[in-house]
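Hi,

Here is the structure I promised to pass on. My notes on its salt bridges follow below.

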Amino acid sequence: MRTQNKETQAELTPQRAKEILLEGNKRFVSNLKVNRNLLQQVNETSEGQFPFAIVLSCIDSRTSAELVFDQGLGDIFSARIAGNIVNEDILGSMEFACKVAGSKLVVVLGHSKCGAIKGACDHVEMGNLSTLLHKIEPAVNAVSYDGERSSKNPDFVEKVAETNVVWTVGEIKKNSPILREMIEKGEIGIVGGMYDVETGVVTFYDDVENMTEALHEELAGKY
C-alpha cells in the first residue's frame, strides 16, 4: 500500500477520502488487511506527513481508527477522547489537520456500548470526568424516549450515542469559523458515523449536516 504523500493528498476530494475509509473498514471486517511495510512507511514519513482525514473517536480500546479503517502510518490524524466530544483543543487540532496539513475530511466517529455515553445517561459526577460528561448532556436531553432513560436501557444509550455524533458535528461547525468556511467552500468535508463493537462495521450518516441543523435548531438557546 502506497504511503500518502503531498501529491496523492492534493488529488483527493472529500468524497474520495470518505470512500477510502469505508473501503478500509470493509477490509477490516473481512479480515483482509492490506499488507504494509510499516518500517518503510516510517522512513517515507520521516520528513513530513500528509494525512487525508482527521478522525475524532472515543478512547475506548476497541475503537482505534487506524485499525477499524485499515490505515497505515501517515494516512490519518487520530484524535481520541472519551465520548468523542469536542473542545477547544480538539478544534485546534482539527484546524491544524485541515488548514495547515491538508486533510480533506473530518470524521466524528461514535460507537455502540459507549461507557462515556452510559455515564452521561446516568448523570455520573466524578472529578474531572463530570466536566467531560456534561458536554454529552445536550444529546441525552435531545432524545425523546418514553422508556427507561438510563444506562440500563441499551436502546436509549444507542440513541444518545447517535445523537451525540450529530451534536458534535454541529459544534465543530459552530465553533470553528476556519473549518466552517472550508466546508462551505468544498475544500473539506465533514461526516458523522457509528462503529459497531460487535461487528466491526462503520456506518456513516448520509445526511449528517441537515440532521445537525435540525438538532441545533431544536436545542437553540439551551446550550
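First, the term: a salt bridge here is a side-chain nitrogen of Lys or Arg within 4 Å of a carboxyl oxygen of Asp or Glu. Bear in mind that this is a predicted model, where local features need pLDDT of at least 70, side-chain atom pairs count only at pLDDT 80 or more, and totals for chains, interfaces and linings use all residues. Residues are numbered from 1 along each chain as its sequence is written, and side-chain values use heavy atoms, with hydrogens and water left out.

Searching the whole structure turns up 7 salt bridges. In one of them, R62 pairs with D60, with 2.8 Å between the closest N and O atoms.

(Helices are DSSP runs of H or I, at least four residues; strands are runs of E, at least two; both are numbered from the N terminus.) E19 is partly exposed at 31%, and R16 is partly exposed at 30%. Shared partners join R16, E19 and E23 into one salt-bridge network.

What does D70 pair with? Its side chain meets R36 at 2.9 Å, N to O. D70 is in the loop between α4 (65-68) and β2 (76-80) and R36 in the loop between α2 and α3 (38-44), so this bridge ties together parts 34 residues apart in sequence. D70 is buried at 3% relative accessibility, and R36 is buried at 14%.

Cheers

Notes:
Buried < 20%, exposed > 50% of the residue type's maximum accessible area, 1.4 Å probe, protein only.
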